[in-house]
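Here is a short report on a structure. Look at the sequence and the 3D view as you read.

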Amino acid sequence: MGFIVAFIWSFVLWLVLTAGTKGMLWSPQEIVAGVVFSAIVAYATRNIIGEKTARFLNPIRWVEFAIYCLGPLFWGMVKANFDVAYRVITGKIRPGIVRVPVDLENDAQYTILSNSITLTPGTLTIDACPEEKALYVHWIYVKEEEPKSSEPVSGSFEKWARRLGR
Amino acid sequence: MENDMGLIVKTMARATIPLIGIFGAYVVSHGHLTPGGGFQGGATIAGAGILFLVAFGLNEAKKRYDKNLYSALEGLGGLAFLGAAMLGLSVAFFYNILWRDKIAFAGQPGTLLSAGFLPIMNLAVGLKVFTGLVSAMMAIALFRRWKK
């Protein structure tokens, strides 16, 4: 199973890299070379890519990813960058590290949520602790010192992370 | 002894190691068409190996690393380079007979299957650089210990 997932992932990247070899599309020799090299890479990484990654081959998941990146994540980044620009100009900061309890199950959900939190400036994930179901987040302006959920830190990102990584 | 990175680094490494591998293979196989080639692509793929070692730790890397296999592949890369160079020995060393006599890899310049023995040599150098760098890195990582 890991072989198939790694193969599709590398072959898609190969197609992206070599697009435009025949008009806007791919020449047959590029596609054959892509299959060969993707098979080699997939064979080498079949045990690395992780268990149960086949769930990411679901096209509905890709649509959800696209909606998430273009909608909530992009909007959150825009808002937070203006917020940080405001804090740079006025100097109103109150930095601190807070422990954020989260309700997530697997590695992918933790990774998506942590990266979303880090991408929105003002918050920076320092550590993810799955055994105590918490993230440690460095916050530029601490509004709540002991948040009960991830809502004040990251808004709706936890719901999205739970859906995207399930 | 725990010497691996946290959960986020490991999960991202799982996704990016195939990505680095296929990008390195792209650089190697298009060495006669685009910037890059055997050494650059091989070093890129070796970067994936280094990422594996750093993210998953030495114990995990030791399980996946086979000294004899990497040593043999490095020799094979060197031999393939030499073999491609000796193909046109009836005229001269490094004579590109595949291209001059239209035997193989003799397509329209600019396509993937062109430039005679250059793609073969790029693949050979890429394999040699990748296995050599990974072997050197593993040898350094396994070097006894700091203390004592």
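Residues 119-143 of chain B are 92% helix and 0% strand. The end C-alpha atoms of this stretch are 36 Å apart. Bear in mind that this is a predicted model. The stretch carries a label from UniProt, in an unreviewed entry: "transmembrane region". That annotation also covers residues 12-33, 39-58 and 79-99 of chain B.

Now take residues 79-99 of chain B. Here the chain is 52% helix and 0% strand. The end C-alpha atoms lie 20 Å apart.

Over residues 8-134, chain B is 70% helix and 0% strand. The end C-alpha atoms of residues 8-134 of chain B are 24 Å apart.

Over residues 28-45, chain A is 94% helix and 0% strand. The C-alpha atoms at the ends of this stretch are separated by 25 Å.

## Inside chain A

Start with A:Phe7, in helix H1 of chain A. Which residues does A:Phe7 touch, leaving out those up to four places away in sequence? They are A:Val35, A:Ser38, A:Ala39 and A:Ala42. A:His138 is another matter: 131 residues along the chain from A:Phe7, with 37 Å between the two C-alpha atoms.

A:His138 turns up again beside A:Gly96. A:Gly96 sits in strand S1 (residues 96-101) of chain A. Setting aside neighbours within four places in sequence, A:Gly96 contacts A:Val137, A:His138, A:Trp139 and A:Val142. A:Gly96 and A:Thr123 are 27 residues apart in sequence, and their C-alpha atoms are 9.9 Å apart.

## Salt bridges

Side chains of opposite charge can pair when their charged atoms come close. Over all chains, the count is six salt bridges. One salt bridge joins the side chains of A:Arg87 and A:Asp83, at 3.4 Å from N to O. A:Arg87 and A:Asp83 share helix H3 (residues 59-90) of chain A. They are four residues apart, about one turn of the helix.

How many salt bridges are counted between chain A and chain B? The count there is zero.

## Where the chains meet

On the chain A side, 26 residues are in contact with 23 residues of chain B. The two chains bury about 2100 Å² between them. Carbon and sulfur atoms make up 75% of that area. In chain A, the residues losing the most area to chain B are A:Leu17, A:Gln29 and A:Ile48. Together they account for 27% of what that side buries.

Polar contacts also cross this interface: five residue pairs, with both residues at pLDDT 80 or more. Which elements of chain A give two or more residues to the side that touches chain B? They are helix H1 (2-18), helix H2 (28-44), helix H4 (107-119) and strand S2 (123-129). By class, this side of chain A has 13 nonpolar, eleven polar and two charged residues.

Conventions. Residues are numbered from 1 along each chain as its sequence is written. Chains are lettered from A and ligands numbered from 1 in the order in which they are written. Side-chain values use heavy atoms; hydrogens and water are left out. Contact means heavy atoms within 4.5 Å. Buried area is the accessible area (1.4 Å probe) that two parts lose on being put together, summed over both. A salt bridge is a side-chain nitrogen of Lys or Arg within 4 Å of a carboxyl oxygen of Asp or Glu. A polar contact is a pair of N or O atoms within 3.5 Å; within protein, one must be able to donate a hydrogen and the other to accept it, and residues adjacent in sequence count only if both atoms are side-chain atoms. Ala, Val, Leu, Ile, Met, Phe, Trp, Tyr, Cys and Pro count as nonpolar, Asp, Glu, Lys and Arg as charged, and the others, Gly among them, as polar. UniProt positions are given in the numbering used here, feature names are shortened, and annotations may be inferred rather than shown by experiment.
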